[in-house]
Amino acid sequence: MKKLREFNRFDCEAFFKDKDVRVMSHEDWLEYDADGKNPKVVGTKYKTVIATDRTEYKGEDVAPDLNAGEQVIVKVPKPPKEYKKFSKITFVNPTASVYGTFMSELSVKANDVDIVQPK
């Protein structure tokens with residue numbers, strides 16, 4: 001069957017609710033024309049890490065802090081914001097899809113990000 005991923009819905013709000021996510025770096029989000037040439041900057045890709053994971057997962061043998069240390073890249077159609085490395089970041093109106101051979105990869109886009117500078 002084809003186009004099955006179009007029917008998968010990932011609950012970003014529930015997934016990120018009990019996680020402390022920190023920004024590590026950013027780079028331009030580039031898109032290319034049909035020939036794979038002529039890159040165009042369409043926004044920013046923030047590289048983040050899940051610092052702590054307090055999500056209650058189903059199952060008996062689930063390790064605490066299951067996804068702590070995992071990297072999440074979020075694409076935002078805006079220029080980069082100023083931040084200090086390891087500042088707390090939250091995603092504004094995120095959407096995501098799960099992909100990969102083992103369905104263990106996450107592609108995240110958001111309308112914007114909120115970054116809380118450390119004091």
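Modeller: Start at Met 103, which is partly exposed because its relative accessible area is 41%. The classes are buried under 20% relative accessible area, exposed over 50%, and partly exposed in between, with a 1.4 Å probe and protein chains only. The model is predicted, so local features need pLDDT of at least 70 and side-chain atom pairs pLDDT 80 or more, while totals for chains, interfaces and linings use all residues. Residues are numbered from 1 along each chain as its sequence is written, and side-chain values use heavy atoms, without hydrogens and water.

Met 103 sits in the loop between strand 5 and strand 6 (105–109). Helices (H or I, at least four residues) and strands (E, at least two) are DSSP runs, numbered from the N terminus. The backbone deserves a check here. Met 103 has a phi near 50°, a positive value in a residue other than glycine. Most residues other than glycine have a negative phi. Asn 93 also has a positive phi, near 50°. Asn 93 belongs to the loop between strand 4 and strand 5 (95–99).

Step back along the chain to Phe 91, in strand 4 (residues 88–92). Phe 91 is buried, because its relative accessible area is 13%. A search of the whole structure gives 4 aromatic pairs. One of them is Phe 16 with Phe 91, edge-to-face, at 5.1 Å centre to centre and 85° between the planes. Phe 16 is in helix 1 (residues 12–17), so this pair ties together parts 75 residues apart in sequence. Rings of Phe, Tyr and Trp (its six-membered ring) pair if their centres lie within 6.5 Å; planes under 30 degrees apart are stacked, over 60 edge-to-face, and the rest tilted. Phe 16 counts as buried because its relative accessibility is 12%.

Phe 10, Phe 15, Phe 16 and Phe 91 make up one aromatic cluster.

Now the loop between strand 3 (71–76) and strand 4, where Glu 82 is found. Glu 82 counts as exposed because its relative accessibility is 75%.

Val 41 is in strand 2 (residues 40–53). Val 41 counts as partly exposed because its relative accessibility is 48%.

Last, the whole chain. The protein chain has 1 helix and 7 strands, in the order α-β-β-β-β-β-β-β along the sequence. Its C-alpha trace spans about 50 × 50 × 20 Å along the principal axes. Of its 119 residues, 24% count as buried. Take contacts with a separation of 6 or more: 63% of them join residues 24 or more positions apart. Contact means heavy atoms within 4.5 Å. The chain exposes about 8,900 Å², and carbon and sulfur atoms supply 50% of that area. Areas come from the Shrake-Rupley method with a 1.4 Å probe; for residues, only the protein chains shown count as cover.
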